[in-house]
Every structure is written in structure tokens, then in C-alpha cells.
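Colleague: I am new to this structure and would like to be taken through it. Could we begin with the model itself?

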Amino acid sequence: MKTNNYIVNNKHELGIMEEQRQIKFRRKRKELEIKRKKIADLVAYGKEKEKQFLDKLKSTYPSISDNNLEDQFSSMDFSSCDDGEFIEHEYKHRIKYKHDQFREGLMFDRSKLRYMNYRVRQGIRQIVYWGCSDGVYFWELTDPDKQLDEFTISTNSNTQINQQPKPVVYVKTKYMKKFL
């Protein structure tokens, strides 16, 4: 008889454990859905801000086009070719911050710097813009070997989406110029 009670108790405990496992699974799935939605919202927000900035760039670069229309994973946001000069443009929306708010400067992904180095050596101008609360600022990479003192490389992450730290480039404020 004791053996049957032991089995019955274990079956009851197994049922409770299975129920707790399912609750934990549902909670994790819900957290993942929330994280995916946050990422999707941030991407949509960023794309909208890029489109708005593209309209502003058209007055300076009439031939500018949105690279993300053809390839959503394009290395740079926009391209232009005016007066025979090919330029690639990257836009970062940092409207919550002033351009000189951070000691390190403003940042962009390290992989973009690698790409920009390669393209500059091919004769293609590379410009990064930051839309900040005090205006739009830009930095142009013209000679990677001579501009090493204009930026630092570190790590950072987007805490809104619990992103793991990744390599980033911080462009020093004193090397940025006001665009708008």
C-alpha cells in the first residue's frame, strides 16, 4: 500500500512540476514576443526617421536615393551621385540627446567603419549624420589613415532591447560639423 501512495504522490508532484514548466514556458514566450515587438517598433521608428531625413538631404543632394528600398540590410542608408561624385550616407536618429552630451562622442556600428574604409579607398565619399535635439551633425571619413584621432572604438549596446554589447565607433564631438 505504501508503494501505491508513493506512486500516487509522485504522479501528483509530476503534474505540478509539468504545470510549473508550462507556466514558465508561456512566460518566456510572452517575454520573447514583447522583445520582438520592441525591436520591430524600433526598426519601424528608425526607418520612418530615415525617410524624413532623406527629404531634407534632397535639397543638398538631388540624386539621393534610399538604399533600403532595394536591400533592407544595405550597409549605408542612402546613395547620391551629383556632379559625378558618388557619396554614401548613413543616418542615426539621436533626437533625445544633444550632439555634445556624451564625453566619448556619438556612435555608430564598428562594421560600418570597416565598410566605409573599404569604400573610401575606392574613391566613394562616406558621411555619417546624427539627428540630435540641437540639430543635425555629420562626420565625413576622407582618409582612414589620417583620421585615427577623430574616433575611438569601444563597446556599447541598446538596453531597450537587452542587446549584448557590440563593437562601436565613437566619433569625437570636435570633429563633427553642423548640417542643419
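Modeller: One definition is needed before the strands are discussed: two strands pair if DSSP finds at least two bridges between them. Please also keep in mind that this is a predicted model.

Colleague: Understood. Which residue stands opposite Leu 141 in S6?

Modeller: That residue is Gln 126. The strands S5 and S6 pair in the antiparallel sense, over seven bridges.

Colleague: And how many residues lie between S5 and S6 in the hairpin?

Modeller: Two residues lie between S5 and S6 there.

Colleague: What is the order of the strands in the open sheet?

Modeller: The six strands run in the order S1-S2-S3-S5-S6-S9, and their pairing is mixed. At the edges are strand S1 (65-66) and strand S9 (177-178), each of which pairs on one side only.

Colleague: How many bridges join S6 to S9?

Modeller: Two bridges join them, and these strands run antiparallel. Phe 138 stands opposite Lys 177 in S9.

Colleague: How many of the residues of S6 are buried?

Modeller: Seven of its seven residues are buried, and S6 is accordingly described as mostly covered. In a regular strand the side chains alternate between the two faces of the sheet. In S6, Gly 135, Tyr 137, Trp 139 and Leu 141 point one way, while Val 136, Phe 138 and Glu 140 point the other way.

Colleague: Let us turn to the helix. Why does the span of helix H2 agree with its 12 residues?

Modeller: Helix H2 covers residues 110-121, and at 1.5 Å a residue it should span 16 Å; its end C-alpha atoms are 17 Å apart, which agrees. Just after H2, Gly 123 takes a positive phi of about 90°.

Colleague: Which residues of H2 are buried?

Modeller: They are Arg 110, Lys 112, Leu 113, Met 116, Arg 119 and Val 120. The elements that cover them include strand S3 (85-94), strand S4 (106-109) and strand S5 (125-132), among others.

Colleague: How many salt bridges does a search of the whole structure find?

Modeller: The search finds eight. One of the others joins the side chains of Lys 166 and Asp 109, at 3.1 Å from N to O. Lys 166 lies in strand S8 and Asp 109 in strand S4, so this pair ties together parts that are 57 residues apart in sequence. Lys 166 is partly exposed at 30% relative accessibility, and Asp 109 is partly exposed at 22%.

Colleague: A change of topic: is His 99 buried or exposed?

Modeller: His 99 counts as buried, at 13% relative accessibility. It is found in the loop between S3 and S4. Its side chain makes polar contacts with the side chain of Asp 134 at 2.7 Å and with the side chain of Tyr 137 at 3.4 Å. Beyond four places in sequence, the residues that His 99 touches include Leu 106, Cys 132 and Thr 173.

Colleague: Since a cysteine has come up, how many disulfides does the structure hold?

Modeller: It holds zero disulfides. Cys 81 is partly exposed, with a relative accessible area of 42%, whereas Cys 132 is buried at 4% relative accessibility.

Colleague: One last item. Where is Tyr 175 found?

Modeller: Tyr 175 is in the loop between S8 and S9, and it is partly exposed at 23% relative accessible area. Tyr 175 and Trp 139 are 36 residues apart in sequence, yet 6.8 Å apart in space, C-alpha to C-alpha. Setting aside neighbours within four places in sequence, Tyr 175 is in contact with Phe 138, Trp 139, Asp 149 and Glu 150.

Methods. Residues numbered from 1 in each chain as written. Predicted model: local features only at pLDDT ≥ 70, side-chain atom pairs only at ≥ 80, totals over all residues. Heavy atoms only, no water. Helix = DSSP H or I, 4+ residues; strand = E, 2+ residues; numbered from the N terminus. Expected span 1.5 Å × (residues − 1). Buried < 20%, exposed > 50% of the residue type's maximum accessible area, 1.4 Å probe, protein only. Contact = heavy atoms within 4.5 Å. Polar contact = N/O pair within 3.5 Å; in protein donor to acceptor, adjacent residues only side chain to side chain. Disulfide = S-S within 2.5 Å. Salt bridge = Lys/Arg side-chain N within 4 Å of Asp/Glu carboxyl O.
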